[in-house]
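Open the model in a viewer and keep the selection tool at hand. The stops below say what to select next and what is there.

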Amino acid sequence: MEIQWLGHSAVRLEAAGKNLLIDPYLSANPLAPPGAVEALQDIDLILVSHGHDDHVGDTVDLAGRHGAQVVAIAEICSWLGAQGVENCLSMNIGGTATLDGLSISMVRAVHSSSTRRDGMPIYLGECTGFVIKAEGQAVYHAGDTDVFSDMALIQKIHAPTVGLLPIGGHFTMSPETAALACNEFLELDIVVPMHFATFPVLAPDASEFSAAVKRGRVEVLSPGGSLTL
Ligand code: NI
Ligand code: MN
């Protein structure tokens, strides 16, 4: 399995011969490697954690271009359908789908989810995270979230060994509270920090987070960098 971080919460995961994207915020992402959209090949699945622009990103374009199957909560599938995305698997929190040999579970996140039309918010259901299982590995992508003690329940049910966690603060967990999630509620072997340094309001780097994590090895990737499991 290969996990490639494309900056912010955008992740490409290659496993079981399939290519999966999570929260593909690329063309407008200040951290994405140049040409990130064009570099993608044969995307099979796109997982969208919630409706904010910095997570939906290029989903509509990429789903069309690659004929990829999108996976999201019901409200986001309806909204994407109105934009011409034909193949969206609607799920909800607690559910698991098996697609292309990958098991995808939708899990809770503590955050909001909406988009805007004419300056007004449109509700897009709950914010979510995902646990993806393939090749004997289980990877937790937390979406945008604060720390919550039921992360321990996600750990108990899905036993992730790798976690991609937002650490930037302001909109999500901070370096300190993301470390608390690792030390108190999750039991990850490898932790990849995300959702930092993209905007001035976020933590500028992962040093404070890395120093505070006592349980699990922190792997700080550069945008475009990857981890092979
Ligand atoms: Ni968000
Ligand atoms: Mn976000």
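Begin with Asp-61 and Arg-65: the two form a salt bridge, with their closest N and O atoms 2.9 Å apart. A salt bridge here is a side-chain nitrogen of Lys or Arg within 4 Å of a carboxyl oxygen of Asp or Glu. Both residues sit in helix H3 (residues 59–66), four residues apart, about one turn of the helix. Helices (H or I, at least four residues) and strands (E, at least two) are DSSP runs, numbered from the N terminus. Asp-61 is partly exposed at 35% relative accessibility, and Arg-65 is partly exposed at 48% relative accessible area. Buried means under 20% relative accessible area, exposed over 50%, and partly exposed in between (1.4 Å probe, protein chains only).

A note on the source: this is a predicted model, in which local features need pLDDT of at least 70 and side-chain atom pairs count only at pLDDT 80 or more, while totals for chains, interfaces and linings use all residues. Residues are numbered from 1 along each chain as its sequence is written, chains are lettered from A and ligands numbered from 1 in the order in which they are written, and side-chain values use heavy atoms, with hydrogens and water left out.

Next, select Asp-53 and Arg-116, whose side chains meet in a salt bridge (3.1 Å, N to O). Asp-53 lies in helix H2 and Arg-116 in strand S9 (residues 114–117), so this pair ties together parts that are 63 residues apart in sequence. Asp-53 is partly exposed at 43%, whereas Arg-116 is exposed at 57%.

Then go to Arg-12 and Glu-14, where another salt bridge spans 2.8 Å, N to O. Arg-12 is buried at 11% relative accessibility; Glu-14 is partly exposed at 34%.

Now select Asp-54, in helix H2. The side chain of Asp-54 does make a polar contact with the side chain of His-195, at 3.3 Å. (A polar contact is a pair of N or O atoms within 3.5 Å; within protein, one must be able to donate a hydrogen and the other to accept it, and residues adjacent in sequence count only if both atoms are side-chain atoms.)

Select the manganese ion (ligand 2) next: Asp-54 (OD), His-55 (NE2), Asp-144 (OD) and His-195 (NE2) coordinate this ion at 2.1 to 2.3 Å. Donors are N, O and S atoms within 2.8 Å of the metal (3.2 Å for Na, K and Ca); water is not among the atoms, so sites may look incomplete. Asp-144 bridges the manganese ion (ligand 2) and the nickel ion (ligand 1), which lie 3.3 Å apart. Asp-144 is buried, with a relative accessible area of 2%.

Finish at the nickel ion (ligand 1), coordinated by His-50 (NE2), His-52 (ND1), His-111 (NE2) and Asp-144 (OD) at 2.2 to 2.3 Å. Its donor residues are spaced H-x1-H-x58-H-x32-D in sequence.
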